[in-house]
Structure formats: structure tokens, C-alpha cells
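Work through the exercises below with the sequence and the model open. Try each task before reading its solution.

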Amino acid sequence: MKTKQILAASAIAAMSVAASNAAQADELTLCWAAWDPANALVELSKEFEAQSGHTMKFEFVPWPNFADRMLNELNSGGKLCDLLIGDSQWIGGGAENGHYVKLNDFFDKEGISMDDFAPATVYAYSTWPKGSPNYYALPAMGDANGWFYRKDWFEKPEIQAAYKEATGQDLREPQTQKELLQIAQFFQEREIDGQKRYGAAIFTERGSEGITMGATGAMYAWGFKYENTPGKYDMEGAVNSPEAVEGLEFYKELYKTATPPGYTDSYMEQSLDAFKSGQVAMAMNWFAFFPGLYADPDTGGDKIGFFVNPGQNIEASTLGGQGISVVAYSDKQDAALEYIKWFAQPDVQAKWWSLGGYSCHNSVLNDPGFKDSQPFAADFLQAMGSVQDFWQEPAYAELLLAMQKRLHDYVVADVGTAQEALDKLIEDWTETFEDEGKL
């Protein structure tokens, strides 16, 4: 009799716990761009669902529409997203406009230390004002603009001999921007395996961010800066320095002399298509796509190689990647914070990398086996050590549109000179910062 009572009481208690958990279980919506890492995150998040009792929904928006869709959602105070993996450039607006929950108290309570993440990713994805200990996101997806190439073409004896004859040098992964141009020009309109090939697929898209993300890869390497003094908005002599002008002139030469015909409005998808279809010897794109490229049955595996964005005057790569934030308008902030806590765990971060995401956690990046874990892992580490990012100001969208116009007009549409393009860009940005009360 006593045993039955105990069993009955235990059953009632278990039912109460289950009912309590069910009552507390939430359906969280995580918003991000639609691309390969998002699919990896869906798989990873199944463990969170199993452990927490919460269920996950995902709102993934194609990259060309991602910024407009999500920024409109934030600016309207919408409740679609409980968690948002937003671009690094959004962090200023997310903080100053109250879109993102400040995470400092939560991090302190849960013992989450930003020292456990790569410094460049904390600075770029989490902090506002920049470099301050004010955190509005957890580093989620490390990324930079890198390069990949047809390793099988580079290794052909007849190609190597022709390059040596043409340049007096051995064909290799380019070590500088100028060497990259030389290699791209060598492959331009060269017949390989009975087909005409081209040098390189680069970013020229005007509508969102494409040409800025591409051209800055060259401009940063030459020495382009946004300010002479960080935080002072003193752009004259930085944005339009002789080095910046030379970098922009270089990018135009690369576009004009070494890209496929009609390549006037290209970004991520077009770069991937040009490479996978065998049009180009080299292509730029985000490291986020490298796992999929390596797995491609036609142009991956032994046929593909990877290299970090080559330096010129300095070593530099254009930053990509994002942090994950809790949206201030969510009614499920406690559950969303549970997801942040779960995602920050070292074992979860290790699985994130194994599934095709790019962890920013030092336990993953500093693991002795990391560099050999993927053929592009060492290049990723090198890139993240010298990344530079666009303005992260609340007015970043207006600043970006101005740069898109000035660069596209000069590089693609042949309007004016590089010096004039950058001088006008300073005028555009000065007007914006004056309107913002920062000048």
C-alpha cells in the first residue's frame, strides 16, 4: 500500500513537472540570411530543442533582400524575430535605436566571458560603441572575404610552363594583390580543355553591398582607412589617400582586364556560378561558402584550392560575419537568452564548426587540430587576424549606398577618376555625419 502511494505521488509529481515544462516551453523564431550556414544552424539547433523543450522556427531571407527585410522589421518594432543574426554593420543601429537587448548583465550572471571569443569578432560583432565593454550580440558566425581557385588548372604542366614563359615566375597561390592580377590576366580568355576561360570572378553588384565588399579587399590591402583617428570622423587624407586611390584603380583594372564578359552586377551567387561552371580560374567570396565549394562533386575536392586575400602594403581582409542578438521587441526574451547561453558552450561551438558554421570561440580556433580540420581552416584563421569592416554607425545604410554608387560609377560605368570618386564619397559621408550631429 505504501509503495503504491509513493508510486502514485511520483507519477503526479512527474506529471506536474511535465505540465510545468510544457507551460514554459516557447516557440522561438530565429531570423538570418538564407545560405549554407543557416542550414547547418537548423541541424545544430535540434539539440537545443531536445534539451530545453522549446521549439525553433527559422525565418531565412535571401541575401539580396536580407537587410531591407530585417531592418524594416526592427525599425517597425516587429515581433517576428526573437533572435536575429544581424550583419556586423547593424550593431550601432541595433544598440542606439534600442532594437537589441544589451547582454552585459546576462553574460555576467551566466559566466559568459567575451574573452573566450576571438578579439576581432567581439569588437566587430558585439560591441557598441566600438571597442567598449558594451555587448549587444554574441559572436555567432565568423567570416571574411577570401579566394578559391582551380587547383587542377594551376597544376597542369603545360599551364605552368606557359605561365613561366609569360612572366618568368612559377605559378602559385598569389602572395600579393599585384600577383593576383598577373595570374588573372594570364588566364583571361585562355583555352583550357577545349574551352575559353577567364581570370577571376569578383564583386561588382551595386544594389546592396557587393562592390563595396569586393573593392575594399583591394583597398584595405593598399592602406584605405575610414578615419585618420578612430572615432573622430576625420576622413580627408584617409578615405582619399594616395594608397586608397591606387587600390581602387587596381580593382578597376582587375575588373576590366580579367573578369568574364558582362560581369557588371555580380555578387555572391554569380561568383559561385562562375566558378562552378568552369568559367574562371579564381573567385572571391565569403569563407561561409567554402565547405560547400569543397564538397562540390564537379569542381571541389582535389580540383579546388583556397587562399587568404593577398596583402599589398599591408595584410588585410574584408570582414563578413555576424553576431546573434536578442530582439528587444520579443515577448520571449527569457527563452531567447536560454538559446544564447546554450550556443555559447564550447562543445556546441565545436559542433557548429563541424557542421559548416564558423565558430568564433577560442576553444575551437585554438585547438591544435583546427588548422588541419578543413583545407581552408588555416586561411580562415589568418584572415580573421587582419579583418577590417565598413562603418557600423546607425546611419550605415546611407553610408553604404553612397559608397556603392561612387565605386560602381567609377569601376563599372567609367565615370571620372578614382580620386574624384573618393573625394565625392567624403562629401557624401560628411553630409550624412553632419545630419547625424557627429560633425
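**Exercise 1.** In which loop is Gln 392 found, and is Gln 392 buried or exposed?

*Solution.* Start with the position: Gln 392 lies in the loop between β11 (387-388) and α18 (396-411). The model is a predicted one. Next take the accessibility. Buried means under 20% relative accessible area. Gln 392 has 8% relative accessibility, so Gln 392 counts as buried. Finally, look at what surrounds this residue. Leaving out residues up to four places away in sequence, Gln 392 touches several others, among them Ser 88, Tyr 123, Trp 128 and Lys 130.

**Exercise 2.** Describe how strand β3 (residues 83-87) is enclosed and which strands pair with β3.

*Solution.* Step one is burial: five of the five residues of β3 are buried, so the strand is largely enclosed by the rest of the structure. Step two is the pairing with strand β1 (residues 27-33), which is parallel and runs over two bridges. Here Leu 30 stands opposite Leu 83 in β3. Step three is the pairing with strand β10 (residues 317-326), which is antiparallel and runs over five bridges. In this case Gly 86 stands opposite Gly 323 in β10.

**Exercise 3.** Examine two salt bridges, Arg 69 with Glu 73 and Lys 341 with Glu 110, and state where the partners sit in the chain.

*Solution.* Side chains of opposite charge can pair when their charged atoms come close. For Arg 69 and Glu 73, the N to O distance is 3.4 Å. Both residues are in helix α3 (residues 63-75); because they are four residues apart, about one helical turn separates them. Arg 69 is partly exposed at 32% relative accessibility, whereas Glu 73 is buried at 12%.

For Lys 341 and Glu 110, the closest N and O atoms are 2.9 Å apart. This pair links distant parts of the chain: Lys 341 belongs to helix α14 (residues 333-343) and Glu 110 to helix α5 (residues 104-110), 231 residues apart. Lys 341 is partly exposed at 41%, and Glu 110 is partly exposed at 27%. In the whole structure, a search finds 15 salt bridges.

**Exercise 4.** How many residues does the largest nonpolar core have, and which of them have the most contacts inside it?

*Solution.* The core has 151 residues, and those with the most contacts inside it are Trp 32, Met 282, Phe 343 and Trp 429. At least three residues come from each of domain 1 (2-143 + 321-388) and domain 2 (145-318 + 395-436). Now take Met 282: beyond its neighbours within four places in sequence, its contacts include Trp 147, Phe 154, Leu 180 and Phe 307.

Methods
Residues are numbered from 1 along each chain as its sequence is written. This is a predicted model: local features need pLDDT of at least 70, side-chain atom pairs count only at pLDDT 80 or more; totals for chains, interfaces and linings use all residues. Side-chain values use heavy atoms; hydrogens and water are left out. A nonpolar core is a set of buried Ala, Val, Leu, Ile, Met, Phe, Trp, Tyr and Cys residues joined through side-chain atoms within 4.5 Å. Buried means under 20% relative accessible area, exposed over 50%, partly exposed in between (1.4 Å probe, protein chains only). Domain bounds come from an automatic or database domain assignment. Contact means heavy atoms within 4.5 Å. Two strands pair if DSSP finds at least two bridges between them. A salt bridge is a side-chain nitrogen of Lys or Arg within 4 Å of a carboxyl oxygen of Asp or Glu.
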